[in-house]
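Take a look at the model first, and then read on.

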Amino acid sequence: MSALASIVGPMLAIVFAVAAAAKARPAGFRELVTLLRAARLLPAARAAPAAVVLIAAEAVTAACLAHPATVRFGLAAAGLLLVVLTAGLAVALRRRVPLSCSCFGSGGGPIGVAQLGRNLVLLACAAVGWAGAAGARPSLVAWAAAAFAAALLLRLDDLHDLLAPATPRRSRFR
């Protein structure tokens with residue numbers, strides 16, 4: 001198993017576990033249901049059941065990715081989930097629906113190209129993991145590298161805001 005392939009499974013496991021846990025909290029669940037209704041990707045009455053299915057799928061995917069015997073299934077599930085989530089995000093962006101990102105629970109900023117890019121990077125990671133998955137148990141170093149990479153991806157919105165060029169404000173005192 002290549003070094004990169006040994007990191008992406010655990011990284012995706014962490015990302016999906018955090019996403020599921022954050023959305024399962026009451027505030028995160030309410031925000032997810034609100035997002036699904038606002039996005040108009042499915043009938044409003046199906047938003048809450050769809051949110052439950054999404055949270056369960058993310059949790060099962062995270063569990064499968066964390067165990068060497070089921071990592072290939074987890075990578076396939078991650079890829080499928082990411083294709084669906086990315087497609088929904090792309091449709092919402094194309095429709096110019098103003099949505100708040102609730103990818104990792106409540107309190108996210110507005111969705112945009114950064115979230116689309118993050119999902120595409122995660123999808124590429126699932127593909128790399130699938131190509132290199134051999135069922136070997138990742139080392140502690142691989143898990144540490146995966147945790148670092150997951151933290152970067154989970155906080156991408158904050159990093160984007162921090163590194164984005166600031167727009168100059170006009171002074172009130174002119």
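Five helices, α1 (3-24), α2 (26-39), α3 (47-66), α4 (71-94) and α5, each contribute at least two residues to the lining of the largest pocket. Helices here are DSSP runs of H or I with at least four residues, strands are runs of E with at least two, and both are numbered from the N terminus. A word on the source: this is a predicted model, in which local features need pLDDT of at least 70 and side-chain atom pairs count only at pLDDT 80 or more, while totals for chains, interfaces and linings use all residues. Residues are numbered from 1 along each chain as its sequence is written, and side-chain values use heavy atoms, with hydrogens and water left out.

Which helix gives the most to the lining of the largest pocket? That is α4, with seven residues. The volume of the largest pocket is about 640 Å³. Of the 31 residues lining this pocket, L32, L36, L54, V84 and L85 are the closest to its centre.

For the method, a pocket is an open set of points on a 1 Å grid over the protein atoms alone, where a 1.4 Å probe fits and protein lies on both sides within 12 Å along at least five of seven lines; lining residues have an atom within 4 Å of a point. Grid points are joined across faces, edges and corners, and the volume is the space filled by probe spheres set on the points.

## The chain as a whole

How many helices and strands are there in the chain? The count is seven helices and zero strands, so the order from the N terminus on reads α-α-α-α-α-α-α. Of the 174 residues in the chain, 38% are buried. Buried means under 20% relative accessible area, exposed means over 50%, and partly exposed is in between, with a 1.4 Å probe and protein chains only.

## Helix α5, side by side

Helix α5 covers residues 113-132, and its 20 residues should span 28 Å at 1.5 Å a residue; the end C-alpha atoms are 29 Å apart, which agrees. The expected span is 1.5 Å times one less than the number of residues.

The buried residues of α5 are Q115, R118, N119, L122, C125, A126, G129 and G132. They cover an arc of only 155° around the axis, so they sit on the same side of α5. The arc is that of the directions from the helix axis to the C-beta atoms. V113 and A131, on the other side of α5, are exposed.

Two cysteines deserve a mention. C125 counts as buried at 15% relative accessibility, and C64 is buried too, with a relative accessible area of 12%. The structure holds zero disulfides, a disulfide being a pair of cysteine sulfur atoms within 2.5 Å.

Several residue pairs are separated along the chain as follows.

| Pair | Sequence separation | C-alpha to C-alpha distance |
|---|---|---|
| A126 and L75 | 51 residues | 5.5 Å |
| V97 and A39 | 58 residues | 6.4 Å |
| M11 and F148 | 137 residues | 8.3 Å |
| L35 and V97 | 62 residues | 10.0 Å |

A126 lies in α5 and is buried, with a relative accessible area of 3%. M11 belongs to α1, where its relative accessible area of 4% makes it buried. L35 is part of α2 and is buried at 18%. V97 is in the loop between α4 and α5, and it is buried with a relative accessible area of 10%.

## Two arginines in loops

R40 lies in the loop between α2 and α3 and has a positive phi of about 55° although it is not a glycine. Its relative accessible area of 53% makes R40 exposed. R96, in the loop between α4 and α5, has a positive phi of about 60° and is likewise not a glycine. R96 is exposed, with a relative accessible area of 70%.
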